[in-house]
Structure formats: C-alpha cells, structure tokens
Amino acid sequence: MLTLGTKLTRLRKKKGYSQQEVADLLDISQPAYHKWETDITHPDLENLLKVSKIFDVDLSYLTEEGSNLISNNQFEGSNIVANHQHVINMHSPELIDRVLKNQEQITEILNSQNKLIEALIGKIRE
C-alpha cells in the first residue's frame, strides 16, 4: 500500500507543481506540506478535502486502507479514539462502531434532558 505521503508526492509531480505551489494553494507553509509528503505528519480532514480538489482525486483515494490518517492527536480528548496509542483508519469498522456508540450515548443524554425539562415545566405549572 502507498502511504499518504507517497500519494501526495506522485499527485503533485503529475500536476507539475512544486511543494511551494501546493502549499500556497493550501494556504500553509512549504515545510508543513513537506512533512505531509514525508509522512512525518498528516493533514486534517479540511486540508485533505482541499488536497483532493487541487489534485482532482476522490477523497477516498487519499484515505483508503494503508494511509492511517486519523491519528490519536487529531481526536485527543474525544471519545472517538479510546486508545490514544493507536491509529485508526478512517474507513475502519472500529471507528464506525465507536461513532455509532457515541451517537447512541448522545441520544440517551438528549432523552434524559427532555425528561428533566418536562419535569421542570411540570413544577413551574404547579
């Protein structure tokens, strides 16, 4: 599998862009973009969307298996990535399961809030 950095390098060269030109299009520094191409760091989702437009590729090409784009520091403090020593691929069943579980928890919280609001309204009417 190709890493994201390898994909970015190939796409950039295919378009005939320099790293500086791509960085300018993304409104980031050239050293920051260089780190993406060398797999030192990875772009966030917003920048991935910009990259997919610049290189005219589907986002799924950039995020497919093997890219390991979502790292622990991108979701630090959230419940999406429970094991902060682990990298989860954007299309992994594990991530989808966790997102669904979080959605269920949000629904439970909203239901509880609705009950509390109804109880409060009932007390106000008394």
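**Helix contacts in a predicted model**

User: Which residues in H3 do Gln-19, Gln-20, Val-22, Ala-23 and Leu-26 in H2 meet?

Analyst: Contact means heavy atoms within 4.5 Å. Helices are DSSP runs (H or I, at least four residues; strands are E, at least two), numbered from the N terminus. In H3, the residues that those of H2 meet are Gln-30, Tyr-33, His-34, Trp-36 and Glu-37.

User: At what pLDDT do side-chain atom pairs count in this predicted model?

Analyst: Residues are numbered from 1 along each chain as its sequence is written, and side-chain values use heavy atoms, leaving out hydrogens and water. The model is predicted: totals for chains, interfaces and linings use all residues, local features need pLDDT of at least 70, and side-chain atom pairs count only at pLDDT 80 or more.

User: How are H2 and H3 oriented to each other?

Analyst: Axes are lines fitted to C-alpha atoms, for helices over the stretch in contact, and angles run from 0 to 180 degrees between N-to-C directions. The axes of H2 (residues 19-26) and H3 come within 8 Å and cross at roughly 110 degrees. Under 35 degrees counts as roughly parallel, over 145 as roughly antiparallel, 65 to 115 as roughly perpendicular and the rest as oblique. H2 and H3 are therefore roughly perpendicular.

User: How do the residues of the contact of H2 with H3 divide?

Analyst: Ala, Val, Leu, Ile, Met, Phe, Trp, Tyr, Cys and Pro count as nonpolar, Asp, Glu, Lys and Arg as charged, and the others, Gly among them, as polar. For H2 with H3, the division is 5 nonpolar, 4 polar and 1 charged.

User: Which residues in H3 do those of H1 meet?

Analyst: The axes of H1 (residues 4-15) and H3 (residues 30-37) come within 7 Å and cross at roughly 115 degrees. From H1, Gly-5, Thr-6, Leu-8, Thr-9 and Arg-12 take part. In H3 they meet Tyr-33, Trp-36 and Glu-37.

User: What covers the buried residues of H1?

Analyst: Buried means under 20% relative accessible area, exposed over 50%, partly exposed in between (1.4 Å probe, protein chains only). In H1, Leu-4, Gly-5, Lys-7, Leu-8, Thr-9, Leu-11 and Arg-12 are buried. Their cover includes H2, H3, H4 (45-54) and H5 (59-63).

User: Which residue follows H1?

Analyst: H1 has 12 residues and reaches 17 Å from its first C-alpha to its last. The residue that follows H1 has a positive phi, near 80 degrees: Gly-16.

User: How many helices does the chain have?

Analyst: Of the chain's 126 residues, 28% are buried. Its elements run α-α-α-α-α-α from the N terminus on. Strands number 0, and the helix count is 6.

Conventions:
The expected span of a helix is 1.5 Å times one less than its number of residues.
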